[in-house]
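Me: I would like to go through this model with you by question and answer, taking the helices and the sheet in turn. Could you begin once the structure is shown?

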Amino acid sequence: MKIHILGIAGTFMSGIAILAKQKGHDVSGSDLANYDPIKSILEKNNIDVTIGHKIKDIKDKDLIIIGNVMTRGNSVIEYILKNKINFTSGPKWLYENILKNKKVIAISGTHGKTTTTSMIVHIMAKNKLNPSYLVGGDPKGNTSSVKLTKSEYFVIEADEYDTAFFDKQSKFMHYNPYILLINNIEFDHADIFDDIDDIKKQFHHLIKIVPQSGNIIYFKDDKNSSDLIKDGSWCGKTEINSDSIKIDFKLMQLEIDNKKFSLEDLPLIGQHNFKNYISAILAAKLDGVSINDSIESLKTFKGVRRRMELVLDNSNIKAYDDFAHHPTAIRLSCAAIKEKYFNKKILGLIELGSNTMSAGYHNDLLDSFKLLDQVFLLDREQAYKYENSFNSTES
């Protein structure tokens with residue numbers, strides 16, 4: 001089948017392209033821009049990409065997969081609709097062609113999805129479960145961002161963003177997971193959600209399709225996640241920070257049914273990564289991997305590019321690149337750096353890259369980097385120098 005993907009250069013849609021190619025289809029795609037690492041990844045998989053969406057590129061195709069960046073009014077979209085060309089969304093194609101025959105482990109939440117997904121893939125691969133997977137990032141080491149195997153397992157980063165202009169439900173509604181991991185729930189994506197209750201509604205829809213034999217992993221002390229579970233669930237539950245599963249960041253310790261496991265030898269820093277470790281270990285446990293085997297596997301996990309990635313290291317300067325796109329994520333990243341380099345001066349360069357951040361929806365943004373000594377806030381049009389004097393009204 002000849003498949004063309006509109007909006008191919010994102011992490012998710014490029015993953016769909018590679019999976020379709022691995023299924024034996026003739027795949028091409030288009031986007032308004034195509035940068036590395038996606039550009040090189042698609043070239044390596046012999047997938048042709050054109051810059052700009054053109055009607056001539058879709059005329060001989062059997063199926064068009066439409067990304068959620070595409071809107072009505074685009075000439076290619078109007079041509080597809082007028083001429084009744086066969087089209088679908090990326091998430092729907094993924095389920096109908098791959099996921100419906102797999103045991104899906106879905107990793108959701110506002111923060112930590114990419115890293116936790118990569119951790120689970122790493123653990124399962126190290127323990128010979130060889131899962132298929134789709135990660136919304138670039139894992140370091142020998143792990144690619146997407147892979148199709150003969151294993152019964154598929155590990156996927158489950159995003160709550162909408163599916164397509166013709167399907168406004170969250171992408172994760174197409175995945176039908178048997179294990180659902182909810183790292184946390186906070187308000188984000190203000191361009192499509194009105195408030196936190198709007199987001200929780202989508203998560204509750206997702207919970208409704210987890211089978212009775214499945215399991216939901218969540219943190220009891222995350223209020224929005226706990227409230228969500230209280231609203232109703234119909235499967236097994238793994239409740240972290242409960243009577244039977246306790247975690248201690250200061251001791252870097254996991255305790256299950258009074259048995260203690262140390263995580264202090266694991267390489268990634270910060271409380272957020274400690275929680276990511278815990279989530280991954282418990283997800284792997286449900287698939288038969290022992291806690292000790294998971295911990296041993298994670299000792300060789302190198303992390304994900306742009307997730308607290310050390311990109312410069314010399315005697316005088318260390319620089320980290322981090323994708324944090326929400327005040328909570330920024331605060332946790334700053335805390336991790338400050339804890340590791342408590343006696344050093346720390347400069348932060350914070351780009352207001354997400355729609356929600358740059359539009360000013362997060363009132364606690366300025367508080368999120370109090371631990372830093374000096375900060376530059378970078379916006380699309382202006383750059384502000386923000387001194388860490390928080391008594392000033394300057395911004």
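Me: Which residues of helix α3 (residues 75–82) are buried?
Reply: This is a predicted model, in which local features need pLDDT of at least 70, side-chain atom pairs count only at pLDDT 80 or more, and totals for chains, interfaces and linings use all residues. Residues are numbered from 1 along each chain as its sequence is written, and side-chain values use heavy atoms, with hydrogens and water left out. Helices (H or I, at least four residues) and strands (E, at least two) are DSSP runs, numbered from the N terminus, while buried means under 20% relative accessible area with a 1.4 Å probe and protein chains only. On these terms, the buried residues in α3 are Val-76, Ile-77 and Ile-80.

Me: Why do the buried residues of α3 line one face of the helix, and within what arc do they fall?
Reply: An α-helix has 3.6 residues a turn, so residues three or four places apart point the same way. The arc is taken from the directions that lead from the helix axis to the C-beta atoms. The buried residues of α3 line one face because, seen down the axis, they fall within an arc of 100°.

Me: Which strands do the buried residues of α3 pack against?
Reply: Packing is judged here by contact, that is, heavy atoms within 4.5 Å. By that criterion, the buried residues of α3 pack against β1 (2–6), β4 (63–66) and β5 (87–89).

Me: Which residue caps the N-terminal end of α3?
Reply: A polar contact is a pair of N or O atoms within 3.5 Å; within protein, one must be able to donate a hydrogen and the other to accept it, and residues adjacent in sequence count only if both atoms are side-chain atoms. Here a side-chain oxygen lies 2.9 Å from the backbone nitrogen of Val-76, and the capping residue that carries this oxygen is Asn-74.

Me: Which strands stand at the edges of the open sheet of seven strands?
Reply: Two strands pair if DSSP finds at least two bridges between them, and the open sheet, with mixed pairing, has the order β8-β7-β9-β6-β12-β13-β14. Two of its strands have a single partner strand each, so one side of each is left without a neighbour in the sheet; these are β8 (146–147) and β14 (236–240).

Me: At what angle does helix α6 (residues 196–207) run to β12?
Reply: Axes are lines fitted to C-alpha atoms, for helices over the stretch in contact, and angles run from 0 to 180 degrees between N-to-C directions. Helix α6 lies across β6, β12 (179–182) and β13 (215–219), and its angle to β12 is about 160°.

Me: How are α5 and helix α9 (residues 291–298) oriented to each other?
Reply: The two helices pack with their axes 9 Å apart and at an angle of about 110°. The contact is made by Met-119, His-122, Ile-123 and Lys-126 of α5 together with Ser-294, Ser-297 and Leu-298 of α9. Angles of 65 to 115 degrees count as roughly perpendicular, and α5 and α9 are therefore roughly perpendicular to each other.

Me: Is Ser-118 buried or exposed?
Reply: Ser-118 is found in helix α5 (residues 113–126). Leaving aside neighbours within four places in sequence, Ser-118 is in contact with Val-135, Pro-139, Phe-301 and Val-304. Because its relative accessibility is 4%, Ser-118 counts as buried.

How values were computed:
Buried means under 20% relative accessible area, exposed over 50%, partly exposed in between (1.4 Å probe, protein chains only). Angles under 35 degrees count as roughly parallel, over 145 as roughly antiparallel, 65 to 115 as roughly perpendicular and the rest as oblique.
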